[in-house]
Amino acid sequence: MQYRTFGKTDWKVSEIAFGGWQLGGDFGPVDDAESVRTLHAAWERGINFVDTAQMYGRGHSEEVIGRALKEWTGEHIYIATKVQPVQWPRATETDPSMEGRYPREYVRSQCEDSLRRLGLETIDLYQLHGWFPQGIEQTEWYDTLSELRKEGKIREFGVSIRDYRPQDGARLAASGKAASQQVVYNLFEQRPAEQLFPACRDNGVAIIARVPFDEGSLIGNWSADTYATFGERDVRRVYFKGGRFAKTLDRVNRLKADIAAATGESEVNLAEIALRFCLDDSAVSCAIPGMKNVHEVDLNVRVSDGRKLPAEVLEVLSRHKWPRNYHNPDEE
């Protein structure tokens, strides 16, 4: 496992980290005992950073991670979780107000609840689940998180950038108000490297790359029948509804064909390429793929070997940018 320095901290975090959304059951039924085994397998193989949130399974992801931590006797595992705003802005709002999104008492209460579910005295990284740029001036969130850090409830705090607006984090990076920024970054959503990554690199802000596999499409094993396998409570039924699934599958197939033509290989391991792409930029502190079992852990950690993607592959990938409102298929 390769490790990277997390922004301005002295943390050495595994470049392949553990995304914990699926542990909450929002992608289909989960076996908590299997989830704990998967977490332990990841930690045994060198993964030492886990990202979760209060809203993943309405706290269930945090509870499962807390159970795994209680049974863990190895090295320190860095735990990152998030607090969602009391009200999300509409997806069409380009510059929503930050005022009232994260009231002081609400944030403090949610932090205490997360600490209880995780079984921790201190959360390593506490993140706002949605960042809105007016927060540079409207600073109740910042004052509250600074208080929690001073009290020892959290060590550092950061933000999660809205899925389709990576540019929203550039001014925040320069402000020095957040230790980290989490952003969608994958073969389709490449825009963070244009403006956000340089701003974070210049200001010592850590980057957490989320959705490296585009919630499954960039693993490369979908077929025309895959959408029908998503259960009624699987969030992918929303993310890929309407024409989004067919459009995504078509783009994935064209991507694989172009990679095969460039490399001369008949079989393309798209999942490996997708994960290597995220790690290829030095601004990225870690990528957080979701993992449901030990086999998926093994596939992911194998990518952490320091190898870079060949130039001819990177050239192909640059032609497949597809920026869109990821979590809102009605807002292309």
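Let's start at one arginine: leaving out residues up to four places away in sequence, Arg117 touches Gln54, Gly59, Glu62, Glu63 and Gly66. Keep in mind that this is a predicted model, so everything here describes computed coordinates. Arg117 sits in helix 3. Is this arginine buried or exposed? Its relative accessibility is 15%, and since the cut-off for buried is under 20%, Arg117 counts as buried.

Some of those partners belong to a helix–helix contact, so let's zoom out to that. Two packed helices are described by the angle between their axes and the distance between the axes. Here the pair is helix 2, residues 60-71, and helix 3, residues 104-118; their axes come within 7 Å and cross at roughly 45°. Which residues meet across the contact? From helix 2 you get Glu62, Glu63, Ile65, Gly66 and Leu69, and on the helix 3 side there are Ser114, Arg117 and Leu118. Sorted by class, this contact of helix 2 with helix 3 has three nonpolar, two polar and three charged residues.

Now for the sheet. Strands of a sheet pair through backbone hydrogen bonds, either parallel or antiparallel. In this model eight strands make an open sheet, ordered 3-4-5-6-7-8-9-10, and the pairing is parallel. Which strands stand at the edges? They are strand 3 (18-19) and strand 10 (284-287); each has a single partner strand, so one side of each is left without a neighbour in the sheet.

Strand 8 is worth a look of its own. Strand 7 (residues 154-161) and strand 8 (residues 180-184) run parallel and are joined by three bridges. One of the pairings links Gly158 to Ser180 in strand 8, and another links Val159 to Gln181 in strand 8. In a regular strand the side chains alternate between the two faces of the sheet. Along strand 8, Ser180, Gln182 and Val184 point one way, Gln181 and Val183 point the other way, and all are buried. With five of its five residues buried, strand 8 is largely enclosed by the rest of the structure.

Who are its contacts, leaving aside neighbours within four places in sequence? Asn300 is in contact with Ile16, Phe213, Leu275, Pro289, Gly290 and Met291. Gly204, on the other hand, is 96 residues from Asn300 in sequence and 27 Å from it in space, C-alpha to C-alpha.

Finally, step back to the whole protein chain. Its secondary structure comes to 11 helices and 10 strands, and the C-alpha trace spans about 55 × 45 × 40 Å along its principal axes. How does the radius of gyration fit? A compact globule of 332 residues would have one near 20 Å, and the protein chain has 19 Å, which agrees. Of those 332 residues, 56% count as buried. As for contacts with a separation of 6 or more, residues 24 or more positions apart account for 77% of them in the protein chain.

Notes:
Residues numbered from 1 in each chain as written. Predicted model: local features only at pLDDT ≥ 70, side-chain atom pairs only at ≥ 80, totals over all residues. Heavy atoms only, no water. Axes fitted to C-alpha atoms, helices over the stretch in contact; angles between N-to-C directions. Helix = DSSP H or I, 4+ residues; strand = E, 2+ residues; numbered from the N terminus. Contact = heavy atoms within 4.5 Å. Nonpolar A, V, L, I, M, F, W, Y, C, P; charged D, E, K, R; others polar. Pairing = 2+ DSSP bridges. Rg over C-alpha atoms; globule rule 2.2 N^0.38 Å. Buried < 20%, exposed > 50% of the residue type's maximum accessible area, 1.4 Å probe, protein only.
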